[in-house]
Amino acid sequence: MGAVPSTPRRTNSRPQDTVEYLIGTFVGDESFPISSDFWQKLIELPLSLQWPTDSVQQACELLATNNYKTRHLAKILIHMAWCLQECITNSGASSSTYEKAINAVYVSSVFLKHLIENAKSDRIEELCLSLNVTESASKEFIGDQNVEDFVMHSVLSFIGSVNVSDEKYLLHVELLNFMLIAMSTQLLSGPSPRPKDFNPFIDAAMAQDSALVIVVMRKLLLNFISRPNLPLNSSYPIFYDANQSGVFQRVSSAAANFVLMPFNYLVSSTSQGSESPLADCSLNVLLILIHYRKCIVSNESLSSGDNVSLDSLLKENATFYDNPYCKALENASDVEFDRVDSDGNAHNGPFVRLPFALLFDTLGMCLADEGSVLLLYSLLQGNSDFLEYVLVRTDLDTLLMPILEALYNASTRSSNQIYMLLIILLILSQDSSFNASIHKLILPTVPWYKERLLHQTSLGSLVVIILIRTVQFNLSKLRDVYLHTTCLATLANMAPHVHRLSSYASQRLVSLFDMLSRKYNRSAELKNIKVDNAKTDFTEINFPADDAPTEIHIYTDFLRLVLEILNATLSYALPRNPEFIYAIMHRQEVFQPFKNHPRFNELLENIYTVLDFFNSRIDAQRMDGDWSVEKVLQVIINNCRSWRGEGLKMFTQLRFTYEQESHPEEFFIPYVWQLVLSTCGFNFNAGVINLFPANLPSEKEEDEDTTVDDKQPDGEAQKLAIYIDP
């Protein structure tokens, strides 16, 4: 009576019976102390044994019921941490040591995920992340020590300090999967972080020492860069028999709904598995870490404002703890160069040092993946060193070509991915040297562009073509003004620096004005019809104010912005762009209806000054017979040399910059988790997800004819960017 329960023993029994007995004991109502040798027997279970699916579900439910009393989840987590510490301290650890660690991670992941998914309270009391007060402490773990801190420190220490090898590959991957599960408590919270949000494991990760944060960030990024393949000659038993399912594989697939656990990469009959699950998992964990925000709200800030909703008050007064992983990414530097401050002093402090050249090349190869796009955005937006590195590269096509190809295939991409790609282009276009250099890089051909053969086209001309195509693709419904504004803002930044713009790009630019003008005219006609109907019915009409975002006002702004783009090209780059002059002259009639428009007349005066100059030169040389395109273009080229810009009114050069909205976390945290759940290989119960509307069909299942605008949720764009015209 009162004695410590003994470790269950089954002599002369089949291994299968031992598995069921040990796991049954783990989820039962009898508590085993953390020092019991039961835990060693549990994590030494053979990988090759199977377990029935229905038993797995029952086991998860039993643990959820009994964990309040037994605290077995906390204990298996502690044993998992001890296994990892043994792997870290013993560089010559045997394969059995790593197998025990993998088993501990498997068991922990499966049951932790079930408890999170089936939590009955905001604080997820079912986790019971502490030992009973009666539990005797061990020398490795002090009784009042924080379990989640202890576990996350061990997990992150292993990831950051233990090199990836064939023997350790699977353990690295499973630890990253464990982190995804442990951090999935975010899915239970709303899209706006609140002080009451309960995220014990990710908060523990944020509380780690800065030195550990740096080595972890470096390792995650190096995993992404090096992309080590899954070893096919591993010593794990499961690798020898692709048709054999291990007990924990069955546990994971049944209870945790893992559909692409690493074992499944090998046993799957399809070829869709990742070549480098380690790189993919590393990227997922990295994105979650760098975009996490923990909210703080002072009590004083909530003492006033009785007529304001609590949510509004919380959002207005919310501040956030510093995110050390985000700061580590922002401060990452190139291994080829020492960090230098504004006074020219070199700093060799605790920074993440990366091979920027390899990172640049890897991003260029992986931009078809949405997570890689988000990583590139995060680097360009937050890390000035990496942005500067990108801008001085002479092979910008490495990054730009996959970006442009993705925009070309916009109908097959998610709306958020299109946004990220366009914002990346906007960030790059803020640099004048970028705008100049992309016109010097000549592309022999563009094989994925089907509408027209693009031969010997400059990269800059292709950027113009694709941006205009993106605008035209989305103008049919006009649901997303910000997307069009992003495209036009990038074109405006590029305009003064264009050089030898191609014939096709020039034509598309003028055609864009023509298409917008037709949209404008139709909107104006509809407005006039409404006015006439109102007068006929003798009813009073209250039109929106001039600054209201009505359709006609939007098209007016777009038309003016396109005219600004045309003007900037004429004012600053006319002699270098004869094809552009030809395109304007060829379609000069499209400007005539707007010549006296109060919003456009100043800008059109410049265009007509240019038209008058070149029309007069052509008329002076006109002879009998038809003029060929080549002859007209040659006259334009000859007279570009004598152009001095007399009569042009110089406007302030447009320069648009990108800034994150005041609460970017409301967009990025749900977006990151949607990306993670679509790629990590496990499903999460959609019914308990509050972070985003998980019950909606995925975009991949939507009709292929659906446009990007159709898929863009209302208001989502407003959380992405602010454009400043200084």
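Trainee: Is glutamate 174 buried or exposed?

Mentor: Glutamate 174 is buried, at a relative accessible area of 1%. Buried means under 20% relative accessible area, exposed over 50%, and partly exposed in between, with a 1.4 Å probe and protein chains only.

Trainee: What should I know about the source?

Mentor: This is a predicted model: local features need pLDDT of at least 70, side-chain atom pairs count only at pLDDT 80 or more, and totals for chains, interfaces and linings use all residues. Residues are numbered from 1 along each chain as its sequence is written, and side-chain values use heavy atoms, with hydrogens and water left out.

Trainee: Where is glutamate 174 placed?

Mentor: In helix α7, residues 169-183. Helices (H or I, at least four residues) and strands (E, at least two) are DSSP runs, numbered from the N terminus.

Trainee: Which helix is largely enclosed by the rest of the structure?

Mentor: Helix α25, residues 578-586, is one: seven of its nine residues are buried, so the rest of the structure largely encloses it. The buried ones are Pro578, Phe580, Ile581, Tyr582, Ala583, Ile584 and Met585.

Trainee: New topic, helix packing. What describes two packed helices?

Mentor: The angle between their axes and the distance between the axes. Take α9 (residues 210-226) and α12 (residues 277-291): their axes come within 8 Å and cross at roughly 140°. That makes α9 oblique to α12. Angles under 35 degrees count as roughly parallel, over 145 as roughly antiparallel, 65 to 115 as roughly perpendicular, and the rest as oblique. Axes are lines fitted to C-alpha atoms, for helices over the stretch in contact, and angles run from 0 to 180 degrees between N-to-C directions.

Trainee: Which residues of α9 and α12 meet?

Mentor: From α9, Met217, Leu220, Leu221, Asn223 and Phe224. Their partners in α12 include Leu278, Ser282, Leu286 and Ile290. Contact means heavy atoms within 4.5 Å.

Trainee: And aromatics? How many aromatic pairs does the structure hold?

Mentor: 23 aromatic pairs. Phenylalanine 386 and tyrosine 389 form a stacked one, 6.4 Å centre to centre with 25° between the planes. Rings of Phe, Tyr and Trp (its six-membered ring) pair if their centres lie within 6.5 Å; planes under 30 degrees apart count as stacked, over 60 as edge-to-face and the rest as tilted.

Trainee: Where do phenylalanine 386 and tyrosine 389 lie?

Mentor: Both are in helix α17 (residues 384-392), three residues apart, about one turn of the helix. Phenylalanine 386 is buried at 0% relative accessible area. Tyrosine 389 also counts as buried, at 15%. For an edge-to-face pair, look at phenylalanine 613 and phenylalanine 614: 4.9 Å centre to centre, 80° between the planes. Phenylalanine 613 and phenylalanine 614 are both buried.

Trainee: Which residues form an aromatic cluster?

Mentor: Phe26, Phe32, Phe38, Trp39 and Phe111 form one.

Trainee: Last one. Where does glycine 645 lie?

Mentor: In the loop between α27 (629-640) and β9 (657-659). Glycine 645 is partly exposed, at 22% relative accessible area.
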